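Trainee: I have just opened this one and could use a guided look. Can we go through it together?

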Amino acid sequence: MKPLKAELMILIVTIFWGSSYLFMKLGLDSLGEFNLIALRFGLAFLVAGAIFHRKFLRMSKELLSYSILLGFILFVIFTAVTFGLNTTTTSNAGFLISLTVVFVPLINTNILKNKIEWKFIFSTAMAITGIALLTLRAPFSMRIGDLLCIVAALLYALHIIIVGYATKKVDALQLGILQLGFAGLFGLIFSLLFETPRLPNTSQGWIAILVLSIVCSAFGFIFQVIAQKYTSPDRTGLIFSLEPVFAALFGYLFVHEVMSFKGMIGAILVFLGVVLSTTKMKYKQRNLDRGINWKN
């Protein structure tokens, strides 16, 4: 595959993921939060597992351990996002969760004590300023949904770092698919405890679940794994930084979410901070770039 075709596939995946916030919000109209997570990741696991079933003829205990851990983190991430969407917009969610790209090297630098370039410090300051403009409202309060999305972005960063470590020890494709299954399982357990699990009872609910599970999760994951073999991590990270732009576009087109002027300035600053943070730093980031691909 030529790099241009691979990057086009990554762009398609980015569009899928940008639409996921809209479909999660639509799905919440007919399903509980944990129920939505269970269906989304459970169906994604079944689809991806059916396509790559031969990869699971042999599995190690180490693979299962990492899969359970990452599946649980993924479950907590999407719990925060799903509950957050009850009190924030799809546009805000997309831009705030994109801060994962900023948080990954920030956490990695603090843990490994690596030297960091001035431009990363600048990109972080730019992103934080953007968050303030995007989310803070007089008298200087933040909606709980915005806060939950920021927490989700931090957890994404932790997830990425663990994946970067785990993929050096176990098969990346097996790990990526199994974590979807365990995330769905945790969603089902919590749905049984706190909700009444059920299938969607509206056409809108079914469309949301099918798009989230098959398009955004299963196909998005498969396309990404294939395309990543034929392009660089830097190019991939730059294309993925367009995700919040597509989230805002879908929010405007389908649910008529319109940002204020202050919010637009904040969103632009967050976006520029994310793009700047994807440029190559002095410290090694190969494993982190591999891990970021399990994000959505």
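Predicted model: local features only at pLDDT ≥ 70, side-chain atom pairs only at ≥ 80, totals over all residues.

Trainee: Okay, which residues form the nonpolar patch on the surface?

Mentor: The patch is formed by L249, Y252, L253, F254, V255, V258 and M264, and together these residues have about 680 Å² of accessible area.

Trainee: And which helix gives the most to it?

Mentor: That is helix α11, residues 243-255, which contributes 5 residues to the nonpolar patch. Y252 is found in this helix, and it counts as partly exposed because its relative accessibility is 48%, where exposed would need over 50%.

Trainee: Which residues in α11 are buried, then?

Mentor: The buried ones in α11 are E243, P244, F246, A247, A248, F250 and G251. As background, residues three or four places apart on an α-helix point the same way, because there are 3.6 residues a turn.

Trainee: How far apart are the end C-alpha atoms of α11, and what should its residues span?

Mentor: The end C-alpha atoms are 18 Å apart, and this agrees with the 18 Å that the 13 residues of α11 should span at 1.5 Å a residue. Just after the helix comes H256, which takes a positive phi of about 55°.

Trainee: Switching topic, how many salt bridges are there?

Mentor: The count comes to 3 salt bridges. One of them joins the side chains of E257 and K25, with 3.9 Å from N to O. This pair links distant parts of the chain, since E257 sits in the loop between α11 and α12 while K25 belongs to helix α1, 232 residues apart.

Trainee: Are E257 and K25 buried or partly exposed?

Mentor: E257 is buried, with a relative accessible area of 14%, whereas K25 counts as partly exposed at 26% relative accessibility.

Trainee: What does D171 pair with?

Mentor: D171 forms a salt bridge with K55, and their closest N and O atoms are 3.0 Å apart. D171 lies in the loop between α7 and α8 and K55 in the loop between α2 and α3, so the pair ties together parts that are 116 residues apart in sequence. D171 counts as partly exposed at 29% relative accessibility, and K55 counts as partly exposed at 33%.

Trainee: Which side chain does R143 meet in a salt bridge?

Mentor: R143 meets the side chain of D146, at 3.6 Å from N to O. Here R143 counts as partly exposed at 30% relative accessibility, whereas D146 is buried, with a relative accessible area of 0%.

Methods. Residues numbered from 1 in each chain as written. Heavy atoms only, no water. Patch = residues over 30% accessible without salt bridge, like charges linked within 9 Å, V, L, I, M, F, W, Y side chains within 5 Å. Areas by Shrake-Rupley, 256 points an atom, 1.4 Å probe, with all protein chains shown as cover. Salt bridge = Lys/Arg side-chain N within 4 Å of Asp/Glu carboxyl O. Helix = DSSP H or I, 4+ residues; strand = E, 2+ residues; numbered from the N terminus. Buried < 20%, exposed > 50% of the residue type's maximum accessible area, 1.4 Å probe, protein only. Expected span 1.5 Å × (residues − 1).
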